[in-house]
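Please report on how this protein is packed and divided. Take the core, the domains and the sheet in turn.

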Amino acid sequence: MRLEHQIRAFEQVFKNYDGTQPLHRFLFTYFKQHKQMGSSDRRWATRYIYSFFRLGKALINEDTTLRLAIADFLCNHTLSLVVEEKLPNLKEHINLSVQEKIALVTSEFPAFKLSEVFVFNENLSKEVEKQDFYESFFIQPDLFIRVKSSYINQLVKTLKDAEVAVEEISKTTLALPNGTKLEQIVPAQQYYQIQDLSSQKTGNFFKPQTWDYWWDCCAASGGKSLLLHDLEPSVQLLVSDVRENSLNNLEERFREAGLKKYQKKVLDLLQNNDQDLHHYEFDGIILDAPCSGSGTWGRTPEMLYYFDSHKISYFSKLQTAIAANVVKYLKSGKPLVYITCSVFKQENEEVVAWIEENLPLELETMEVIKGYKDKADTMFIARFIKK
Ligand SMILES: C[S@@+](CC[C@H](N)C(=O)[O-])C[C@H]1O[C@@H](n2cnc3c(N)ncnc32)[C@H](O)[C@@H]1O
């Protein structure tokens, strides 16, 4: 009876969700509208729907409840009613590693193909190791923070006192279990930023000089700018984005972080911005491009199910157009850092090839930042120098 109740709740959520908004936002509204669902119902519906989407399109022709059971088995180390009921042969193995569980599922259900978890295989960037990447979808990514090195010991102590399973990744990076209510435990945010591990690693490619003037041209709420500022506080900054709203968040974050020396503009980089920018010449440009976000789907697994691959070419056109529009404001001999959180070659290597062929930029280095090995996002970065 309880299992039927759980399955019904899951099916209702699945039926009502169409992938047009992020799942977490949909669930927030859905639970508000379905007040009869108690906290346990909400918890199970959330666990089931997220696990379900982590299966991507694997075993797509099987019965939905069986798929749910397999997904829940692969994603969790605690038993659920659906696994107990539908997978009696597997339930005792719930504590095994993801790799071991995948092997068991494959022998029990020979139609199971790991490659069908992520059906956009032929679009993957060359450096991505497929097996590791697919397996990563069954593990929830961590929450990462970037911390001022002088504050890290104090913060680790505060988190341990609050019984958070904190892991020190480096002198400035901590990993926390996803869902940690960080703002409640450490309200003062001037000493740390929530920023994915791979996003933090992009900073290794900035290499700013003292008193440089940099442009973060797709700044959103300023994650990369804050990183740049921490690497070299003397850098002067122009931040811009097409969305005014994000820039308002940026202002708030910059204020909390004590970053005062910057200029901000709302700019659509698909337009000619010469009126605004004709006298600007930068020592560095960060182009953290709008993209499919396919490197972050470990956090939004609903995309494995709903993403339409036609969108990839839309993003690559946007990326080349933006690169072409910003390069003229870069001084010769200076870097443009191109970043995506995508694993698709059309947004990564192929954009790089287009840039090399069409713009006065020479590729210095490029790489995939393999977050799938670290419970983090996967990103791509290329550093060019203007000819
Ligand atoms: C990947 S996000 C940037 C994230 C940000 N740099 C950070 O570290 O948090 C890409 C940004 O590009 C902006 N964008 C999209 N189309 C644009 C356009 N035509 N002109 C300028 N910005 C654009 C989006 O609004 C979005 O904020």
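The largest nonpolar core has 85 residues; Ile 49, Cys 217, Ile 285, Leu 287, Leu 336, Val 337 and Tyr 338 touch the most other members. A nonpolar core is a set of buried Ala, Val, Leu, Ile, Met, Phe, Trp, Tyr and Cys residues joined through C-beta atoms within 7 Å. Buried means that 20 or more other C-beta atoms lie within 10 Å of a residue's own, with C-beta atoms placed from the backbone. Helix H4 (residues 64-75) supplies the largest share of this core, seven residues. Helices (H or I, at least four residues) and strands (E, at least two) are DSSP runs, numbered from the N terminus.

This is a predicted model: local features need pLDDT of at least 70, side-chain atom pairs count only at pLDDT 80 or more, and totals for chains, interfaces and linings use all residues. Residues are numbered from 1 along each chain as its sequence is written.

The domain bounds come from an automatic or database domain assignment.

| Domain | Residues |
|---|---|
| domain 1 | 2-117 |
| domain 2 | 143-194 |
| domain 3 | 198-386 |

Eight residues of domain 1 are in contact (C-beta atoms, placed from the backbone, within 7 Å) with six residues of domain 3. Helix H3 (residues 39-54) gives the most to that side of domain 1, three residues. The C-alpha centres of domain 1 and domain 3 are 35 Å apart.

An open sheet of four strands runs in the order E2-E3-E1-E4, with antiparallel pairing. Strands pair if DSSP finds at least two bridges between them. Strand E2 (167-168) and strand E4 (192-194) are at the edges, each with a single partner strand, so one side of each has no neighbour in the sheet. Four bridges join strand E1 (residues 143-147) to strand E3 (residues 173-176).

Key
Buried ≥ 20, exposed ≤ 12 C-beta atoms within 10 Å, placed from the backbone. Contact = placed C-beta atoms within 7 Å.
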